[in-house]
Amino acid sequence: DRAEAGRRSDFQANHDELTELANARHLKSRMAMHYEAARPNYPKGALALIKLENFKVINAIFGPRAGDAVLQAVARRLQEFADQNGHYAARLESSTFALFFPMPLVMEEPLQQVLARLDEQLHLEEGLLELRACAGYAECGEETGNVEALYQCAEFALTSAREAGCRAVRVYDRRMDTQARRRLMIINELEMAQKRNEFTLFYQPQINVRSGRVIGAEALIRWENPRLGSVMPDEFIPLAEQNGQILSM
């Protein structure tokens, strides 16, 4: 009984309770072993992060029970893919998952296969659901010389993929560092922008072409920030939509 309790405790410490996939702690431990085995050289392989883009909507409409069923179904599909190809699957947080590829390969094709598998319709008690996901990945190498660097670079790539839209796959490159930092600055500055009255509205009139009369107007928001200067709406509107600030805006 003590041995069984020990095994159960060890499993719970290293795995996600809902999906039974490895958790972030266990994933990083496995990656650290991979790096250590390759010393003094850099290891081969890559880390991919996968995000379900419409999970919050599913959870809000159908409830947490359906949300849990979706996460479990996604976990099963990822685990099947990982088992078939010698990869390592994990659930990191909420609707973010990971695949660690310990062997070098061309990443674009397998990740497109993963997204295609996740795209397959899901039959639940609540109805037929369609999932939408995107993926970003970073390859082991000099730029990603340790586990934390690899993880961060994969996060940058995932952010780029999310901005590109569902089913997008993006690989990390150095330019993403600058983009990610600017994105973070915009998010931070958005928090106080309304309180500091940094937004301005312009009204573009709508005109009836027959009568020549103004029948309405389109409100266009503009943002001038002391640190960032003039921020274009296509930069800050999607971020405001993601964090819910669009409602008060």
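Which helices and strands each supply at least two residues of the lining of the largest pocket? In this predicted model, the elements concerned are β1 (46-52), α3 (55-62), β2 (88-93), α6, α7 and α8 (233-243). Local features were considered at a pLDDT of at least 70 and side-chain atom pairs at pLDDT 80 or more, whereas totals for chains, interfaces and linings use all residues of the predicted model. Residues are numbered from 1 along each chain as its sequence is written, and side-chain values use heavy atoms, with hydrogens and water left out.

The protein contains nine helices and ten strands, assigned as DSSP runs (H or I over at least four residues for helices, E over at least two for strands) and numbered from the N terminus. Along the principal axes, its C-alpha atoms occupy a box of roughly 80 × 50 × 35 Å. Of the 249 residues, 41% are buried; this class is defined by a relative accessible area under 20%, with exposed residues over 50% and partly exposed residues in between (1.4 Å probe, protein chains only). Where contacts (heavy atoms within 4.5 Å) join residues at least 6 apart in sequence, 62% of them link residues at least 24 apart.

Pockets and cavities were located on a 1 Å grid over the protein atoms alone: a cavity is a set of points where a 1.4 Å probe fits but cannot get out, a pocket is an open set with protein on both sides within 12 Å along at least five of seven lines, and lining residues have an atom within 4 Å of a point. Grid points were joined across faces, edges and corners, and a volume is the space filled by probe spheres set on the points. The largest pocket has a volume of about 900 Å³. Its lining comprises 33 residues, and those nearest the pocket centre are Lys51, Thr159, Arg162, Arg183 and Gln242. Helix α6 provides the largest share of this lining, with eight residues.

One cavity of 30 Å³ or more is present, and the largest cavity has a volume of about 40 Å³. The residues lining the largest cavity are Phe156, Thr159, Ser160, Glu163, Met176, Gln179, Ala180 and Arg183. Helices α6 (147-164) and α7 (175-193) each contribute at least two residues to this lining.

Most residues other than glycine have a negative phi, and most peptide bonds are trans. Arginine 39 and proline 40 are joined by a cis peptide bond with an omega of about 10°, and proline 40 lies in the loop between α2 (24-38) and β1. Glutamate 20 is a non-glycine residue with a positive phi, near 65°; this residue occupies the loop between α1 (2-14) and α2 and is exposed, at 52% relative accessible area. Serine 94, also not a glycine, has a positive phi near 40°. Serine 94 is situated in the loop between β2 and β3 (96-101) and is partly exposed, its relative accessible area being 40%.

Within helix α2, histidine 26 counts as buried because its relative accessibility is 19%. Beyond its neighbours within four places in sequence, histidine 26 contacts Asn14, His15 and Tyr88. The C-alpha atoms of histidine 26 and asparagine 14 are 5.1 Å apart, with a sequence separation of twelve residues. Serine 29 also belongs to helix α2 and is partly exposed, with a relative accessible area of 35%. Between serine 29 and glutamine 152, which are 123 residues apart in sequence, the C-alpha to C-alpha distance is 16 Å.

Threonine 200, in strand β8 (residues 199-207), is partly exposed at 39% relative accessible area. With residues up to four places away in sequence not counted, threonine 200 touches Leu220, Ile221 and Arg222. Threonine 200 and isoleucine 221 are 21 residues apart in sequence, and their C-alpha atoms are 5.7 Å apart.
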